[in-house]
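Subject: The structure I promised you

Hi,

Here is the structure for you to look at.

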Amino acid sequence: MQLYNKLSAREREALLEEAGEDRLTLSFYAYAKIGNPHLFRNHLFIAWDQMDVLGRIYVAHEGINAQLSVPATRFEEFKAFLDGIYFLEGVRLNIAIEHDLKSFLKLKVKVRKKIVADGLNDESFDVRNKGIHVDATRFNELISDPNTVLVDMRNHYESEIGHFDGAVTPDVDTFRDSLPIIEEDLKDHKEDKNLVMYCTGGIRCEKASAYYKHKGFKNVFQLEGGIIEYARQVNNQNLENKFLGKNFVFDHRRSECISGEVIANCHQCGKPSDTHVNCANEACHLLFIQCAECAEKMNNCCSKECMEINALPYEEQKKLRKGKGNSNKIFKKGRSEVLKYKS
C-alpha cells in the first residue's frame with residue numbers, strides 16, 4: 001500500500017503537462033480533536049493519491065490545514081470525501097482566484113505538533129471562543145470605522161507585496177512573533193477599539209482571535225475566509241476592493257493578483273516590482289523580490305557569490321551543499337545583507 005509520494009517534482013510536472021487537464025487550487029482548514037493523527041494522515045493520503053490530488057497538508061491533534069491542487073473533473077468526488085468526515089462536512093473551501101496546473105507537484109501529508117506554529121499554550125484558553133467572522137461587506141464597513149484597528153496577521157514578506165489599505169503590518173518573520181507585538185501595541189485599547197484581523201485564508205486569525213479574547217480584548221473580528229474569500233466576494237458582488245497589490249500564496253504560483261497596484265520594490269535595484277523568486281543557488285534558496293531586469297543581470301540569483309556557485313557544474317554544487325540541512329535557518333525569506341533594498 002502506497003503511503004508516500006514516489007514521483008519527483010520533475011516527473012510529476014511532465015505527467016501534468018502530458019495530461020493537460022484543468023486543476024483547481026484550493027485550501028481549507030478545520031480545528032478539531034483528532035485522536036490519532038497518524039492514522040488520519042494515512043487515510044487522507046490513500047484516498048487523495050487515488051484521486052490525483054496534490055498539495056501540502058498538515059495534520060495534528062488540533063485539526064488539519066491543507067493547500068491542494070485537485071483535478072477539476074474530480075472536484076465533486078473530492079468534496080464528497082470531505083463531507084464523509086464528520087468535522088469536515090460542509091467545510092469552507094477557499095478556491096483560488098488564479099489557477100495553475102503546477103501549483104503543487106507532490107502530495108505531502110505530514111503529522112505535526114500543530115497545524116500552525118503559533119507558540120501558544122492552548123490549554124490556557126478556549127480556542128473555540130473565537131472572534132466574530134465577517135464577510136467582505138461587513139469587513140469593509142468595519143475598517144472604514146475610525147474606531148477600528150485593522151491588523152495584518154501575516155509575515156513581512158507577505159504583506160510587503162499586498163495588504164489592506166490602512167492596515168497595521170507587523171515587521172515579523174513568523175506568526176508567533178506577531179502575537180505579543182500586537183498585544184503590547186494595542187494594550188490600551190482592549191475595550192474601546194474594534195480589533196479586526198485578516199490573513200491569507202483565515203486559519204491564523206482563527207487562533208489569534210481566541211487568544212486575544214482570552215487576553216481581554218472585547219470586540220474581536222476576523223475576515224471570514226481571509227483574503228482569498230474576500231477577493232471572490234468583491235468580484236462576485238461588485239464591492240469596493242480595499243486590498244492593495246497581490247496576495248502571497250504558499251505554492252508554486254507564489255501570489256495572486258488582487259488589484260492592479262504594485263506596492264513593493266525589487267530588493268536589488270529598488271524599482272517597482274512584486275515578483276517573489278527563490279535564489280537559483282540551491283544552497284541559498286533565498287526568497288526575495290526580483291524584477292525582470294535584475295533576474296537577467298543576476299542570472300536569477302540574489303548575489304554575485306551565488307551567481308558564481310550557480311555557474312559551477314552540478315556535482316560541484318552538490319559537494320558544496322553536503323552537510324547543510326535544508327531548514328528555515330538556511331532558507332531565509334526576504335531578509336539578507338546582500339539585498340540592498342531589503343535587509
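Arg138 and Glu141 join their side chains in a salt bridge, with 3.4 Å from N to O; the term stands for a side-chain nitrogen of Lys or Arg within 4 Å of a carboxyl oxygen of Asp or Glu. Both residues sit in helix α4 (residues 136-143), 3 residues apart, which is about one turn of the helix. Arg138 is partly exposed at a relative accessible area of 36%, and Glu141 is partly exposed too, at 47%. (Buried means under 20% relative accessible area, exposed over 50%, and partly exposed in between, with a 1.4 Å probe and protein chains only.) Helices (H or I, at least four residues) and strands (E, at least two) are DSSP runs, numbered from the N terminus.

Before you go further: this is a predicted model, where local features need pLDDT of at least 70 and side-chain atom pairs count only at pLDDT 80 or more, while totals for chains, interfaces and linings use all residues. Residues are numbered from 1 along each chain as its sequence is written, and side-chain values use heavy atoms, with hydrogens and water left out.

More on the salt bridges

The count comes to 21 salt bridges. One of them links the side chains of Asp52 and Arg23, at 3.2 Å from N to O. Asp52 is in the loop between α2 (37-50) and β2 (54-60) and Arg23 is in strand β1 (residues 23-31), so this pair ties together parts that lie 29 residues apart in sequence. Asp52 is partly exposed, with a relative accessible area of 26%, whereas Arg23 counts as buried at 6%.

Arg253 and Asp251 also meet through their side chains, at 2.8 Å from N to O. Arg253 and Asp251 are both buried. There is a network as well: salt bridges link Glu62, Lys114, Asp118, Asp122 and Lys207.

Back to α4

What does α4 lie across? β6, β7, β9 and β10 (219-223), and α4 runs at about 130° to β9. Contact here means heavy atoms within 4.5 Å. For the angles, axes are lines fitted to C-alpha atoms, for helices over the stretch in contact, and the values run from 0 to 180 degrees between N-to-C directions.

Those strands belong to an open sheet of 4 strands in the order β6-β10-β9-β7, with parallel pairing. Two strands pair if DSSP finds at least two bridges between them. β6 (132-134) and β7 (148-152) are at the edges with a single partner strand each, so one side of each has no neighbour in the sheet. On average, neighbouring strands of this sheet are turned by 30° against each other, direction ignored. β7 is joined to β9 (residues 194-198) by 5 bridges, and the two run parallel. Asp152 stands opposite Tyr198 of β9.

α4 also packs on α8, at an angle of about 100° and with the axes 9 Å apart. The two helices are therefore roughly perpendicular to each other (65 to 115 degrees counts as that, under 35 as roughly parallel, over 145 as roughly antiparallel and the rest as oblique). Ala136, Thr137, Phe139 and Asn140 of α4 make the contact with Tyr230, Gln233 and Gln237 of α8.

The sheet under α8

Helix α8 (residues 226-237) lies across β8, β11 and β12, at about 130° to β11. These 3 strands form an open sheet in the order β8-β11-β12, with antiparallel pairing. Its edge strands are β8 (162-164) and β12 (255-257), each pairing on one side only. Here the neighbouring strands are turned by 40° against each other on average, direction ignored. 3 bridges join β8 to β11 (residues 243-248), and His163 has Leu244 as its bridge partner in β11.

And β2

How many of the residues of β2 are buried? 6 of its 7, and the strand is mostly covered. β2 runs antiparallel to β3 (residues 63-71), with 7 bridges between them, and a hairpin of 2 residues joins the two strands. Val59 stands opposite Ile64 in β3. β2 also has 5 bridges to β5 (residues 107-111), this time parallel, with Val109 of β5 as the bridge partner of Ile57.

Cheers
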